[in-house]
Amino acid sequence: MTLFLPILIPLVSIILLIACRHRLKCQQWLSISAVLAQLGTAFYIFFNLGESGHLVAQAGSWPAPYGITFVADYTSAILLIAVSLVSVAAIIYSIGFVDQVRQRGGLFVLFQGLLTGVYGSLLTGDIFNLYVWFEVMVISSFVLITLGAEKQQLRASVKYLVMNLIGSMLFVAAIGLLYSQLGTLNMADIAFKLRSEAIPPLVNSAIMLFFIAFGIKAAVFPFFFWLPASYPTPPIAITAFFGATLTKVGVYVMLRFYSLFAQLDTAFWQPVIFVVAGLTMVFGVLMAASSYDIRKILSFHIISQIGYMLMGIGLFSVIGLAGAIFFIVHNMFSKTATFMAGGLIYLYKGTYDLKKLGWVYKTKPFLAFLFLIPALSLAGIPPTPGFFGKFFLLYAGFEGAHWTITIVALVVSILTLFSMVKIWNEAMWKPEVESANLSVKSVRPAAWVGTVIAVVFTLLLGLTVGFTYDYFAQAGQQLIDPMNYIKAVLPDLIVK
Amino acid sequence: MKTEILKIAAAHLKPFLLVLSLVVLYRGHNEPGGGFIAGLMAGMAYVIYAGAFGVNQAKQLLLAKPLFFMGLGITLAIFSGTIGLMNGADNFLTGVWTSISFGNYDLKLGTPLLFDLGVYFTVAGMLVKVIFSVMEEDA
Amino acid sequence: MNILIALLIGFLYAVSVYLLLRRSIVKLVIGILFLSYATNLMLFFAGGLTETSPAFVVASEAQNVVMTSDSLPQALILTALVIGFGVAAFSMVLIYRFYKETGTVDLDDLSDIEKL
């Protein structure tokens, strides 16, 4: 039952939000209390994982390969906590940032809908159920990205919609292929059958289709172009939330599938992942370096950092996987915080264009400080979490003697530093542009509160890494040897 | 579009489709049918009516706003999942069945039917909401 | 029969790719619909094509049945259809709003709007 709570809480809150849709205050408090409840549940699940580190629930009491299974292990529990922490900050921030029309137009309902999908995708152990949760998530994001229906949003959402639907359809096609070969949809059961029988011919095609489908969802090279086109168009509070959830869930599924299925053919998959990861990093960061809009720079950085997470998957050692998971969590916090600080700059200066911005440091030093911490984290300066994330990954890369990808990662992080410095120089230190005639909007305190919360989370993640690393390593250990996962889901299985 | 033939047909089709949708909903228990298709039928009853008489008149016939039906549907669906919890904390979504006998006919009830009823209301509400909002903008 | 179905699925995919590459946004949405039809059909036949064999039998007749057809893909396709229905409804409304806002259905005419 506990495992279903992360889905039930947002669903129930959607009903309540619909019931009080005319009272904005009620909606705001309800969404905050809903995410706090989700946070509590996430921690409860994390501390009740038990000795084997798995928590399993069968929907409708149907035994494992037949019914839908919900599984939590360290990876999904850590990400559950991270998502609910980020959503606390994001919802408080959007109360202060997003205009009243959008807030009344269903913003909070859609946030909860998106969270339902995210939690479902993190917890499900059934491959078709995963598709359903993904669609719940993606459809909510479709509506969120068009919310307000400005020209640019509509234009961007066409690309977003088409690319995501193609991804979903490839995903379903892959499920069909896999089912026709193995006759099961339970992820643990599939993994077990792949390990115990000769691998049927179409399975590799199915896994390739999965890789492309989640490559589109996670915006890896060469499927990333929808992201910079669509992410900068909605209000930045929504973008911050997207950046923290959508692509990261795509990476999580890649992590899970690599551990359960693709791991069996490392000789083929490791080079593929490394090439894709390296190109994703390089392209993302180069495009970020050439942009002059804060939102665009940060959107391109999402892509570049997805490359690091993929690199961790490809390394597939305990430290590498721990680094990948740590990097996902770090990116959720840091990226959200930078987006939020960028949004505050917009509220005070009226533009995201670096050429028009200037002297934020002089007029709003605290805001500049709030931007600085997550920006340093993205660039990888100690003691921020970005440093530790990159440290784990590079350490694992050198340890496994994967020189090329590791050196690419090093070079890319210098370029990341360059584009963060660019934002800093242009927006904070440059004298204000006189000609800019910019409308300044009113700033509600909730926007500040949300940003501060996100920055504090970022700092805490970096400072407590000594205590938390063990959990990340345990998560990595579980992914390397999925036999315990399989045994936890299918206890009656006789393992040779 | 507002022809007399369509008006008369729509006025007669509406109760017919609504009753038929309930039949299909109950039939889904053991035979082809179910909440989704029945919800589509119920929604279409009002959409056809709106096509003949205009959205405003069709809206007056609805007992509540479409959004209410969607909320009601999700509530029913979640509620049907929690009924199983009576038999222990692990039984979320577990089916519970019962039947009421009328002479020699058994009315079979169970949580799947309740879930289907939730689907029925959600689908009908969503269909009506989407199509009405497009129709309104057009007018 | 299997070959025919495979060819049909391939044909549907070809149609959808052709439509997706058109400039008109209406054809784009029709292409998406065809993509989901092709995929659903593929999912439908994932359980294997078993003609004239029942999905469910009464327990007393279980001995007489040689082969049953797999009913799970039908449940899956139903789920996929429902999701496709929601997505189709959303994309119809989206292109409608799109046309109202921009006054065009040609994707190429819109590249100048994209400037941020």
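This is a predicted model: local features need pLDDT of at least 70, side-chain atom pairs count only at pLDDT 80 or more; totals for chains, interfaces and linings use all residues.
**Chain A**

Chain A has 496 residues, and 63% of them count as buried. Its secondary structure comes to 20 helices and 2 strands. The C-alpha trace of chain A spans about 75 × 55 × 40 Å along its principal axes. A compact globule with 496 residues would have a radius of gyration near 23 Å, and the 22 Å of chain A agrees with that. Contacts in chain A were also sorted by separation along the sequence: of those between residues at least 6 apart, 80% join residues at least 24 apart.

**Helices H1 and H4 of chain A**

Two packed helices are described by the angle between their axes and the distance between the axes. In chain A, helix H1 covers residues 5-19 and helix H4 covers residues 100-123; the two pack at an angle of about 165 degrees, with their axes 8 Å apart. Because that angle is over 145 degrees, H1(A) is roughly antiparallel to H4(A). The crossing of the two helices is left-handed. On the H1(A) side the contact is made by A:Pro6, A:Ile7, A:Pro10, A:Leu11, A:Ser13, A:Ile14, A:Leu17 and A:Ile18. H4(A) contributes A:Phe108, A:Val109, A:Gln112, A:Gly113, A:Leu115, A:Thr116, A:Tyr119, A:Gly120 and A:Leu123. Sorted by class, this contact has 12 nonpolar and 5 polar residues, and no charged residues.

**Chain B**

Chain B contains 5 helices and 2 strands. Taken along the principal axes, the C-alpha atoms of chain B fill a box of roughly 55 × 35 × 20 Å. Of the 139 residues in chain B, 40% count as buried. Among contacts in chain B with a separation of 6 or more, 67% are between residues 24 or more positions apart.

| Chain | Residues | Buried |
|---|---|---|
| Chain A | 496 residues | 63% of residues |
| Chain B | 139 residues | 40% of residues |

Conventions. Residues are numbered from 1 along each chain as its sequence is written. Chains are lettered from A and ligands numbered from 1 in the order in which they are written. Axes are lines fitted to C-alpha atoms, for helices over the stretch in contact, and angles run from 0 to 180 degrees between N-to-C directions. Helices (H or I, at least four residues) and strands (E, at least two) are DSSP runs, numbered from the N terminus. Angles under 35 degrees count as roughly parallel, over 145 as roughly antiparallel, 65 to 115 as roughly perpendicular and the rest as oblique. A crossing is left-handed if the near helix is turned anticlockwise from the far one by less than a right angle, and right-handed if clockwise. Two residues are in contact if their C-beta atoms, placed from the backbone, lie within 7 Å. Ala, Val, Leu, Ile, Met, Phe, Trp, Tyr, Cys and Pro count as nonpolar, Asp, Glu, Lys and Arg as charged, and the others, Gly among them, as polar. The radius of gyration is taken over C-alpha atoms; the globule rule is 2.2 Å times the number of residues to the power 0.38. A residue is buried if 20 or more other C-beta atoms lie within 10 Å of its own, exposed if 12 or fewer, and partly exposed in between; C-beta atoms are placed from the backbone.
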